[in-house]
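Open the model in your viewer and keep the selection tool ready. The tour starts at one residue and then moves to an interface.

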Amino acid sequence: MGPLIAGIALVVVAAIALVAALVSSRDDANNSFGSNPVGSPVTPCPNLRHAVIQIEKLVFAGNHIVECDTYGAFPQPEWWRPRATITLGGRDILTAMGQCPICYTRGRPVRFTPTFRVTTAPTQTEVVQVRAVAMWGSVVMNWQGSVTVSPSSTEVTASEATSDATLPDHVDCTDAFETSWGMNPAGQGWNAAGTTRNMLYVVLGDPANGRPAFWTLLDVSCRAAAAQTTDTGVIAAVYGPLRNREITRKRDGVGLTYWGTTPYDLTGAMSTPMLLRSENASGQCGSWANVLLDMYQVHGITRGRKIALARSAQYWRGNGTVAFLVKSWRFNTPPASSPSDWTHELYRQCVLVQKAPGQRNTNPPEWFWNHYIVWIDSVYYDPSYGSGPFNSQGDWENASMDGLIDTRARPMMGGFDKSRTPNPTTNLMDFVTIAE
Amino acid sequence: MRIALVIGVCMLSSGGWAQTRVEDTKIAWITVQAADAAAVMAVRWLGGTGAPMLVASARREGRGGPMDSTLVFSSGPALRGEMLAAAQSLPSQPDWDVAVGASGAPVFVYTDAGGAVNALLLQDARDVLPVTTGKPFESFQRPRFVKHAAGRPLIAIQNEKSAIFFMTPGIEDGPYRTLLDCDTALALARVDRYDLLYKMEKAGPPRGNLLAPGSLHAVELDSEFRTLGMATEPLPGAVVYQYDADMADVGTVILATTAIGTMLKVGHVARTFTELLPQEMTSPSVLVARGRIYAAAIERAGTSSARIVMAELPL
């Protein structure tokens with residue numbers, strides 16, 4: 001009897017031990033292979049280690065090159081973790097966190113190729129799933145992919161990934177397009193793998209005519225035209241910053257001016273690239289007309305035209321002899337009756353009252369021989385002064401000029417008070433469309 | 001891969017223009033005594049039958065306020081001798097060139113700013129003639145006379161885009177030809193063709209306020225301005241800001257301000273200058289005359305410490 005009882009007791013103990021061992025084994029399994037919070041200190045096997053990776057760089061695809069205001073195209077990778085500043089042309093560029101601005105056409109998916117830094121190498125080669133998520137307003141954009149990480153890997157690159165949702169179908173921009181990355185090594189569960197941030201501009205259409213998308217033009221136009229979905233909406237909205245006369249060059253934060261130098265002869269920029277490149281950031285009307293036209297072209301709008309105006313195209317000889325007075329002048333004696341009657345001595349009988357302010361400058365020259373403005377959709381804009389739109393040549397003349405001067409005479413003589421009835425009904429200038 | 005790329009570049013640039021050997025010996029600049037070096041905007045050598053003459057341009061403000069401005073050309077001892085004073089439509093820093101006219105007297109071409117459009121004017125001691133009457137409302141910059149050409153043809157850049165060859169400047173509605181898109185251009189006339197040097201703009205900061213960096217190219221044109229062969233780079237890899245050129249028996253002579261200093265290339269040999277401030281040189285001018293090379297430039301133009309420099313070397 002005694003040996004029998006002892007035998008039964010032994011079986012019971014063994015059974016209890018087996019059950020206990022099984023329970024213990026199941027707990028280990030739960031701890032090791034479940035979905036763990038970040039940093040769970042569970043090691044299933046002392047000899048098995050899984051990969052840990054962090055986002056290192058991003059190369060975007062399907063986007064438009066952003067030109068750093070004549071200092072060159074922003075480089076790839078557009079996001080690179082260790083980069084603190086971007087240097088182009090030997091100079092540091094003012095960018096957020098040293099990362100590059102990105103530009104896409106509206107309604108497109110965002111594509112990129114991510115590269116990861118291996119911070120912990122696995123004990124054996126394994127596949128690590130990667131994913132990213134970004135928010136743009138109410139739109140959630142997701143990317144997925146995988147990388148294979150070996151024990152000797154230091155950096156791994158996934159295939160190009162495309163977002164499952166598209167960018168908004170309107171013009172927009174954000175200072176920080178933030179993408180949060182996750183990684184899942186060998187199905188062990190998702191952990192954070194870093195965050196990337198880039199400025200992102202969304203344009204209405206693909207930039208046209210091979211013109212580079214200068215950073216300043218993108219920034220000014222995308223902020224001004226945010227939420228616009230049509231050509232006409234963009235055309236109207238991008239003029240807002242010019243009307244405010246507060247355009248700032250992005251690469252260095254310097255304000256751009258219209259004839260903003262003393263003396264005037266230091267203002268030499270006559271095109272968008274010249275204005276963006278110039279050290280003194282001061283441009284003539286040609287550069288400001290081009291800034292507006294090039295802002296349209298950044299959004300794929302090509303129907304704008306540059307208009308040259310002067311007293312006479314027919315008798316063009318050099319710069320001619322007749323210049324026009326930019327507002328505001330006062331004719332002190334009874335006005336001339338025709339454009340060719342030079343009846344008022346300049347500065348004495350025809351007095352400068354107040355200068356029309358130009359871009360970031362309240363003191364531009366008071367007369368010119370010729371001038372550039374912009375025509376689009378049957379209206380005129382004068383971006384040098386931020387004035388307009390004007391429905392007709394006459395509207396521009398009456399709002400912008402006060403008469404003519406004969407530059408041959410000494411002293412110089414003026415005439416034809418533009419504001420005096422019936423003179424506003426007479427157009428004094430020739431408007432000529434310049435072929436681009 | 002990198003080696004293959006280098007070999008490829010060497011093969012592409014193996015034309016006569018591009019064979020360059022850089023000698024280490026440097027050329028010393030000599031300071032030109034000038035009455036007011038700070039006011040000088042640009043310099044050019046003027047050849048002719050006499051000794052080479054250095055011509056300088058400056059802007060003089062008048063009594064009529066900030067809009068009253070005159071462009072003054074001077075030469076001679078201390079660059080005091082006034083050759084020409086041209087009233088400007090608007091204050092500007094005009095581009096210009098000078099050559100010997102048919103009468104042996106100097107003739108100038110310069111830009112006249114109108115606010116939007118830069119006209120091109122031809123002026124000698126007797127008259128001022130517009131160059132661009134056939135192209136009203138087109139704006140021109142950087143005019144250069146074609147060197148050694150009969151008559152006084154010139155090239156200027158239209159609307160910051162294309163080089164235009166004016167065959168008979170000063171003749172109303174005279175003929176012209178569009179050559180190519182570039183930033184600046186200069187032609188040297190030979191018996192039956194032209195050597196055309198031109199700069200293509202590159203990305204990067206300017207020298208001074210507005211001088212764009214670029215690469216210098218050269219191509220031959222026949223008498224009808226058709227290109228003969230492929231363009232080459234006379235200064236391969238150099239970031240060029242401004243340049244001038246002339247012809248010598250040993251080949252083309254090029255003086256260029258570059259990112260690494262001023263370079264003089266004679267035939268296939270390039271040499272650099274001893275320069276304290278190689279990043280601040282502008283307005284290079286070169287002339288071949290009397291078996292010698294005359295070079296000049298400005299250091300720190302427009303500043304109170306501006307210096308006009310020259311060098312004279314045997315060919």
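Is A:Thr407 buried or exposed? This is a predicted model. Select A:Thr407: its relative accessibility is 12%. The cut-off for buried is under 20%, so A:Thr407 counts as buried.

**Stop 1: around A:Thr407**

A:Thr407 sits in the loop that links β26 (401-406) to β27 (413-415). Now select A:Thr321. Its backbone oxygen is 2.7 Å from a polar atom of the A:Thr407 side chain. Besides A:Thr321, A:Thr407 touches A:Val322, A:Ala323, A:Trp369 and A:Met412.

**Stop 2: chain A against chain B**

Select the residues in contact between the two chains. Chain A brings 41 residues and chain B brings 39. The size of an interface is often given as the accessible area lost when the parts come together. Here the buried area is about 3,300 Å². Carbon and sulfur atoms give 61% of that area.

**Stop 3**

Two salt bridges are found between chain A and chain B. Zoom in on one of them: the side chains of A:Arg277 and B:Glu201 meet at 2.7 Å, N to O.

**Stop 4: the chain A side**

Colour α5 (272-277), β17 (305-310), β22 (367-368), β23 (370-376) and β28 (430-434) of chain A. Each supplies at least two residues of the side that touches chain B. By class, the residues of that side are 21 nonpolar, twelve polar and eight charged.

Conventions. Residues numbered from 1 in each chain as written. Chains lettered and ligands numbered in written order. Predicted model: local features only at pLDDT ≥ 70, side-chain atom pairs only at ≥ 80, totals over all residues. Heavy atoms only, no water. Helix = DSSP H or I, 4+ residues; strand = E, 2+ residues; numbered from the N terminus. Buried < 20%, exposed > 50% of the residue type's maximum accessible area, 1.4 Å probe, protein only. Polar contact = N/O pair within 3.5 Å; in protein donor to acceptor, adjacent residues only side chain to side chain. Contact = heavy atoms within 4.5 Å. Buried area = accessible area lost by both parts, 1.4 Å probe. Salt bridge = Lys/Arg side-chain N within 4 Å of Asp/Glu carboxyl O. Nonpolar A, V, L, I, M, F, W, Y, C, P; charged D, E, K, R; others polar. Lists of a residue's contacts leave out its neighbours within four places in sequence.
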